[in-house]
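Here are some notes to read alongside the model, written for someone opening it for the first time. Keep the viewer open and follow the points in order.

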Amino acid sequence: MSGLTLFALLAAAVVVGPIATRTRAQGQPPPDRPAVTVRGQTYTPRSILARNMGSEEDQTTQFPPHRVIENIYYVGTRTLSSFMIATPAGHILINSTYERNVPTIATSVNQLGFKFSDVKMVLGTHAHRDHQEGDALVKQMTGAQVMAMAEDVPALKAMKAGDKEHPVDRMLRDGEAVTLGGTTLVAHLAAGHTRGCTSWTTTVQEGGRPYNVVINCSLRAPGTLTPDIVAEFNRSFKLVRSLRCDVPLGDHPGQYNMRAKYAKLQSGGPNPFIDAANCHLETDIQEALFRAAVEEQQKGGRP
Ligand SMILES: [Zn+2]
């Protein structure tokens with residue numbers, strides 16, 4: 001190789017460098033990491049997001065409404081959970097999801113043989129639009145009381161659907177109970193994903209024995225982890241592991257494998273939603289991703 005050729009190659013390398021950087025900055029998404037393996041399956045932030053949200057169509061298409069256990073029913077879409085708890089004094093709705101889904105949820109409630117107009121209480125897992133944007137419309141349609149964890153109220157107030165104010169009729173504190181028609185739900189602060197992320201617990205009876213139901217708030221860590229958020233997650237992972245659980249549910253059906261369980265439900269046999277063995281699977285996945293992200297951030301791998 002002549003000196004001149006070498007010089008030309010070096011010059012080319014110098015030019016290639018900045019162009020490559022510029023191309024990535026403009027066009028390509030950041031790398032999808034960390035990756036963790038839990039019980040033999042590998043997860044990344046992007047795979048979790050895809051599992052949780054699916055397509056635009058998945059987020060708005062009705063999933064067949066069904067009974068989960070005793071008086072707890074699924075009335076959400078393919079990828080956004082909405083639960084209705086039926087009581088003789090009216091019904092509790094957990095997660096109104098996007099406002100555009102409210103008519104679909106109302107249809108599901110009515111198809112199950114209940115009246116959407118009997119919804120008396122609206123609760124939520126966390127102040128993100130895909131879970132609670134529809135609260136104002138549900139209140140408008142039913143007159144229900146909207147209750148929310150105090151730490152999520154500022155974010156809820158900032159979440160307007162059209163020109164509607166986000167209603168909050170009662171602010172809840174960690175550990176507080178709400179009761180309607182003999183059903184009691186306890187609100188547990190599981191902050192991190194949002195400041196007031198709320199996991200709900202209740203006890204139901206089936207076949208003459210009690211079962212503990214946990215409706216988990218998302219534990220998915222955001223891209224940038226501030227010291228406050230790290231402290232919240234450290235507390236929340238411990239807390240959710242301490243909740244008594246036989247029936248794990250979540251604010252996205254993918255968090256508790258609803259599709260497979262619903263398929264099993266159709267073939268009869270024991271209730272597939274009673275699944276104590278998998279009560280902590282989602283927590284294990286999210287905690288592994290969180291710990292790996294904290295480590296990467298400390299090493300300067302993430303901004
Ligand atoms: Zn969220």
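**Notes on the model**

1. Strands count as paired here if DSSP finds at least two bridges between them. Helices (H or I, at least four residues) and strands (E, at least two) are DSSP runs, numbered from the N terminus.

2. Before going further, a word on what you're looking at. This is a predicted model, where local features need pLDDT of at least 70 and side-chain atom pairs count only at pLDDT 80 or more, while totals for chains, interfaces and linings use all residues. Residues are numbered from 1 along each chain as its sequence is written.

3. Now the overall picture. The chain has ten helices and 14 strands, and its C-alpha atoms fill a box of roughly 90 × 45 × 35 Å along the principal axes. Of its 303 residues, 39% count as buried. Buried means that 20 or more other C-beta atoms lie within 10 Å of a residue's own; exposed means 12 or fewer, and partly exposed is in between, with C-beta atoms placed from the backbone. Among contacts with a separation of 6 or more, 64% join residues 24 or more positions apart. A contact needs two C-beta atoms, placed from the backbone, within 7 Å.

4. Where do β12 and β13 sit? They belong to an open sheet of five strands in the order β10-β11-β12-β13-β14, with mixed pairing. Its edge strands are β10 (177–180) and β14 (247–250), each pairing on one side only. From one strand to the next, the twist averages 25 degrees; axes are lines fitted to C-alpha atoms, for helices over the stretch in contact, and angles run from 0 to 180 degrees between N-to-C directions.

5. Walk along that sheet from β10. Four bridges join β10 to β11, and the two run antiparallel; A177 has V186 as its bridge partner in β11. Two residues lie between the strands of this hairpin, where G181 takes a positive phi near 50 degrees. β11 (residues 183–189) is mostly covered, with five of its seven residues buried.

6. Inside it, β7 (residues 119–123) and β8 (residues 145–149) pair in the parallel sense over two bridges, and V122 has V146 in β8 as its bridge partner.

7. Y73, F83, M84, V122 and L249 touch the most other members of the largest nonpolar core, which has 63 residues. Such a core is a set of buried Ala, Val, Leu, Ile, Met, Phe, Trp, Tyr and Cys residues joined through C-beta atoms within 7 Å. Leaving aside neighbours within four places in sequence, the contacts of V122 include L93, D135, V138 and A144.

8. Which residues of helix α4 (residues 102–111) are buried? They are V102, T104, I105, A106, S108 and V109. Their cover includes β5 (83–87) and α6 (135–142). Just after α4, G113 takes a positive phi of about 95 degrees.

9. Last, some backbone spots to check. Most residues other than glycine have a negative phi, and most peptide bonds are trans. E70, though not a glycine, has a positive phi of about 40 degrees; it lies in the loop between β3 (66–69) and β4 (72–74). T97, in the loop between β6 (90–94) and α4, has a positive phi near 60 degrees. Are these two residues buried or partly exposed? E70 counts as partly exposed, because it has 19 C-beta neighbours inside 10 Å, whereas T97 is buried, with 27 other C-beta atoms within 10 Å. Finally, the peptide bond from R33 to P34 is cis, with omega near 10 degrees, and P34 lies in the loop between α1 (3–26) and β1 (36–38).
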